[in-house]
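Here is a short report on one structure. Take a look at the sequence and the model before reading on.

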Amino acid sequence: MKIVVCVKQVPDTKGGVKFNPDGTLDRGAMLTIMNPDDKAGLEAALRLKDQYGAEVTVVTMGLPKAEEVLREAMAMGADKGILVTDRVLGGADTWATSQTLAGAIRNLEYDLIITGRQAIDGDTAQVGPQISEHLGIPVISYAQKIQIEGDSVIVERQYDDRYHVLKAKMPCLITALAELNEPRYMTPGGIFDAYNAEITVWGRANLVDVEDSNLGLKGSPTQIAKASDKVRKGAGEKVVLDPTESVEYIIDKLKAKHVI
Amino acid sequence: MDFMLTKQHEMARTLFKEFAEKEVKPLAQEVDETEVFPRGTVEKMAKAGFLGIPVPKEYGGQGCDPLTYAMCVEELSKVCGTTGVIVSAHTSLCCDPIMTYGTEEQKQKYLVPLAKGEKLGAFGLTEPGAGTDAQGQQTKAVLEGDEWVLNGSKIFITNGKEADVYVIFAVTGVVTDKKGRSKKMISAFIVEKGTPGFTFGTKEKKMGIRGSSTYELIFTDCRIPKENLLGQEGKGFGIAMHTLDGGRIGIASQALGLAEGALERTIEYVKERKQFGRAIGAFQNTQFQLADMATKVQAAQLLVYKAAVAKATQKVYSVEAAMAKLYAAEVAMEVTTKAVQLHGGYGYIREYDVERMMRDAKITEIYEGTSEVQRMVISGSLLK
């Protein structure tokens, strides 16, 4: 079985968020991690590899520095890493990103594509389903459990207060939730192997069946009007009173703010 | 000369740090308080490959260099000194001598499961009358047919009751040297837990590293197969000393981690603790103390990393290891003591990590060669 996992290097929210003047994220200036949903997707692929035997190829689109996230994936046990990087791909929204990734994946053989549900920087949950649309394969989103049966996958899809069990013939695409599993740690030896391994680097020229008009900032229908960091709330008020007085104090405050 | 770590080492540090924060730190206080060996953590470390970092892949290890191993012990010890020494004793004192002196059969039988973390290792050299004076061994081994028969006891053994495989030293004969003085011939052996005649004595109640299992090992007509002799007969003292050179890098890394951990906690604390209307970090006394602590920690790190690199690149690295251990241990004691002082009354309370770190740090000046022994090794090389 051949599995392609799409991962994204995202800002580590612990390190603070920085923006370019045009409102897009200044990715070069931020500490980064592997997007948590993607990491769960990778872990799911590695478990399928452990269970059934599979070749796991990890694909990412990003700055040259996004190579790190591929090395991390390989240190966890992925077999190959492909970095799609090109200046003309910069500033892409979900449409242009999914076009790019689909264009890259058209070069590969696959039975299963796994992406994270959504990235913690954009939170759109669009890229995975869009890739499946471009490639003309079924998608099962929000997977909380994945099993293989013959040439099909059986997936538990999370849904509000219940889950759905869906079966689809491969090839298909699955989007994974962080709750799907507890990703394994890299191994120390895996890290050194990952740095000795070759990472495949692809640019615009390697993308198959994609129009220029669908790539990069120019190919992105989304226009960012304004972006900003979270506005910090002011420090809370701390009052030390006995319980009865506290209740009165809180009720007065809530009344003053017209909450009650 | 380049002081930059490679990207591989940086990523390995990220891994060790993440593991330590997530799996080890939440248990550190409980492990200290209850004195219960963190078996669950050891199993997780085994799965993550932390129990065979410098062992070649063909023997079940990770095939990394000693620097990667040192960084692992350092990061674990930043949050828990107990966990740091479990890895250090297992790797440096049990895997390493079998890797260096073991036969192919011994490596397959013992090193492979040790490096995979399926088994845990320990090392027994110290006896009631033979601490720094390792030549004062009383434990004896006599060859009877196809078996060595061990009699005697070992004390203060790290991973004592929790280990599965033990490297044990015993006297196998006495020779007279050229000057007519009698000298004990010491040999090394591999002993498995469960061997008839091998039992455990009392569990030591310690000041620090309290979750580490420290036991007396007792050998009463303990018969082990002849082929469990490690290295050549009579060469055990050299094996012990060479093993301790490596072990000192492990303990130096533990000491370094403790100092770094205490410094980190203190930096956080002085920013928050207010006295006289401002954070105590705003006082110059605090600032200067922190500056001294950080400078010494950095110097210790350079010595420890240099010794780890020397282990990979030099045949003999005794002096580098001794300097690293001497300095890192003394820095650990000094920095953790200052950390407690800067925490004031809270630093004396067990709820605060620095209290534990100060107790944990003391042992690094004592075990695997006291600071005095390290000074003997260093000065010996200067005056030879």
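How many bridges join strand S6 of chain A to S10(A)? Five bridges join S6(A) (residues 112-116) to S10(A), and the two run parallel. This is a predicted model: local features need pLDDT of at least 70, side-chain atom pairs count only at pLDDT 80 or more, and totals for chains, interfaces and linings use all residues. Residues are numbered from 1 along each chain as its sequence is written, while chains are lettered from A and ligands numbered from 1 in the order in which they are written.

**Strand S10 of chain A**

Helices (H or I, at least four residues) and strands (E, at least two) are DSSP runs, numbered from the N terminus. Two strands pair if DSSP finds at least two bridges between them.

S10(A) covers residues 172-176, and five of its five residues are buried (20 or more other C-beta atoms, placed from the backbone, within 10 Å of a residue's own). In a regular strand the side chains alternate between the two faces of the sheet. Here A:Cys172, A:Ile174 and A:Ala176 point one way, and A:Leu173 and A:Thr175 the other way.

**Where the chains touch**

The contact takes ten residues from chain A and 14 residues from chain B. Residues are in contact if their C-beta atoms, placed from the backbone, lie within 7 Å. On the side of chain A, H5(A) gives the most, with five residues.

Notes. Two residues are in contact if their C-beta atoms, placed from the backbone, lie within 7 Å. A residue is buried if 20 or more other C-beta atoms lie within 10 Å of its own, exposed if 12 or fewer, and partly exposed in between; C-beta atoms are placed from the backbone.
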